[in-house]
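Open the model in your viewer and keep the selection tool handy. We will walk through the ligand sites one selection at a time.

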Amino acid sequence: MQFWDVSMDKPIIQTVDLVKRYQVGEVVTKAVNGVSIEVYKGEFVAIDGKSGSGKSTLLHLLSLLDRPTSGQVLVNGDDTAHYSRPRRVDIRLNRFGYVFQDYALIPELTALENVMLPYFMDTGCLHDCLHIGEGLLERVGLKNRLHNRPAQLSGGEQQRVSIARALVNKPEVFFADEPTANLDSDTSETIISIIEELHQQGITVLMVTHEPQFAQRAERIITMSDGRVV
Ligand SMILES: Nc1ncnc2c1ncn2[C@@H]1O[C@H](COP(=O)(O)OP(=O)(O)OP(=O)(O)O)[C@@H](O)[C@H]1O
Ligand SMILES: [Mg+2]
């Protein structure tokens, strides 16, 4: 389902002179320091750069998880600065899927319940939830882990649950922050293949990675250094 009047000549996500500043005690860090980028519908973009260069901070801003100190994030040409909190939540829930660097699964819930949660929050419907959640977990190779809680899953399995959860509301834009961090090469390959498949289906993909062999699988690489695009 298409939610926006998305045109190919307008970026689906654009930033203008984006800045995110953190202050801890006396120390001020410009985690993102004047970033202007454009991402078009259907693109597969990798964001790479050293640890601490601002990749996760940038992804949080692009996905409306966080607000910038200054500058703009435009979604389909519309400046999101004036968006209310419910409107931002609605976009994140219905149009964006996000895979967090630390998976961010809810420890008390099973794999299936974690995947179903965003669907349940959106529709309040429990009935088809089970079916949809099971299908997604099967797609990421976890048909036999439906009822395991995160502590009963390996790192790669938790990563795949978090990918399934990010897909449950059929996102138009899929954000993944280091989806292969700390995984063995076979599991990493499985995860990158799933992401490539999403891209082939027309989903816009933004993937943070510091592994060059995975960044090169994208159509375009944005490299961050000290909060800037280089
Ligand atoms: N909540 C915060 N408060 C203070 N400083 C922060 C905060 N979040 C990030 N930073 C700082 O901002 C900079 C960028 O952090 P960020 O997490 O975006 O880097 P990264 O490129 O994702 O690194 P990594 O590859 O290690 O995940 C770092 O110097 C970090 O210490
Ligand atoms: Mg990071």
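Select helix H1 first: with three residues, H1 gives the most to the shell around ligand 1. Helices (H or I, at least four residues) and strands (E, at least two) are DSSP runs, numbered from the N terminus. This is a predicted model, in which local features need pLDDT of at least 70 and side-chain atom pairs pLDDT 80 or more, while totals for chains, interfaces and linings use all residues. Residues are numbered from 1 along each chain as written, chains are lettered from A and ligands numbered from 1 in the order written, and side-chain values use heavy atoms, without hydrogens and water.

Now show what surrounds ligand 1: 14 residues, the closest being Ser51, Gly52, Lys55, Ser56 and Thr57 (a residue counts if one of its heavy atoms lies within 4 Å). Colour the shell by type and you will find three nonpolar, eight polar and three charged residues; Gly counts as polar, and Asp, Glu, Lys and Arg as charged.

A polar backbone atom of Gly52 is 2.8 Å from an oxygen atom of ligand 1, and a polar side-chain atom of Gln101 lies 3.0 Å from an oxygen atom of ligand 1.

Finally, select the magnesium ion, ligand 2: its protein donors (N, O and S atoms within 2.8 Å of the metal, or 3.2 Å for Na, K and Ca) are Ser56 (OG) and Gln101 (OE1), 2.0 to 2.4 Å away. Ser56 sits in helix H1 and Gln101 in the loop between strand S7 (96-99) and helix H3 (111-123), so the pair ties together parts 45 residues apart in sequence.

Definitions and conventions: A polar contact is a pair of N or O atoms within 3.5 Å; within protein, one must be able to donate a hydrogen and the other to accept it, and residues adjacent in sequence count only if both atoms are side-chain atoms.
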